[in-house]
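Try each task before you read its solution.

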Amino acid sequence: MASPTWPPRSPPPRATGGSDRGAWPGVVTAYLDFAYANPEVYDAMLAHTADLTLGRDPVPGAPRAAFAELRAAVAPLAAGRDPDTLAELGWALPHGMVMLTRGGRLRPET
């Protein structure tokens, strides 16, 4: 199955300076753009590294930096909740979308 293009129809709304969602929509869009445009690199980084846990030490430099970006984007939305847990859950959603879509388990048109 060929990799779907992202976005299938129209891009999700991008965050603006006055948005209460902050940077999160842009981070998710960039994540999906990268994953679909670079499937081999994405797999090498995130699909074939079963022993990599992003929220724990020690984490190699590049994944640690990527997790820090996710955490920074989701932290303003935390509202008293643990930003590390929200960053992990926030990463799980686009990562799951990529893996399930590429595996043919989600409808590409959605």
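**Exercise 1: the buried side of H2**

Task: find which residues of H2 are buried, and where they sit around the helix axis.

Solution. Keep in mind that this is a predicted model. Start with the cut-off: buried means under 20% relative accessible area. In H2, that picks out Pro39, Tyr42, Asp43 and Leu46. Next, look down the axis of H2: these buried residues fall within an arc of 100 degrees, so they line one face of the helix. The general rule behind such a pattern is that an α-helix has 3.6 residues a turn, so residues three or four places apart point the same way. Last, check the partners: the buried residues of H2 pack against H1 and H4.

**Exercise 2: the largest nonpolar core**

Task: work out which residues touch the most other members of the largest nonpolar core, and which elements supply it.

Solution. The core has 16 residues, and those touching the most other members are Trp24, Tyr31, Leu32, Tyr42, Val74, Ala87 and Val98. Two or more residues come from each of H1 (24–37), H2, H3 (61–74) and H4 (83–102). H1 gives the largest share, six residues. Now zoom in on Trp24: leaving aside neighbours within four places in sequence, Trp24 is in contact with Leu70, Ala73, Val74, Leu77, Gly90 and Trp91.

How values were computed. Residues numbered from 1 in each chain as written. Predicted model: local features only at pLDDT ≥ 70, side-chain atom pairs only at ≥ 80, totals over all residues. Heavy atoms only, no water. Core = buried A, V, L, I, M, F, W, Y, C linked by side-chain atoms within 4.5 Å. Buried < 20%, exposed > 50% of the residue type's maximum accessible area, 1.4 Å probe, protein only. Helix = DSSP H or I, 4+ residues; strand = E, 2+ residues; numbered from the N terminus. Contact = heavy atoms within 4.5 Å. Arc of directions from axis to C-beta.
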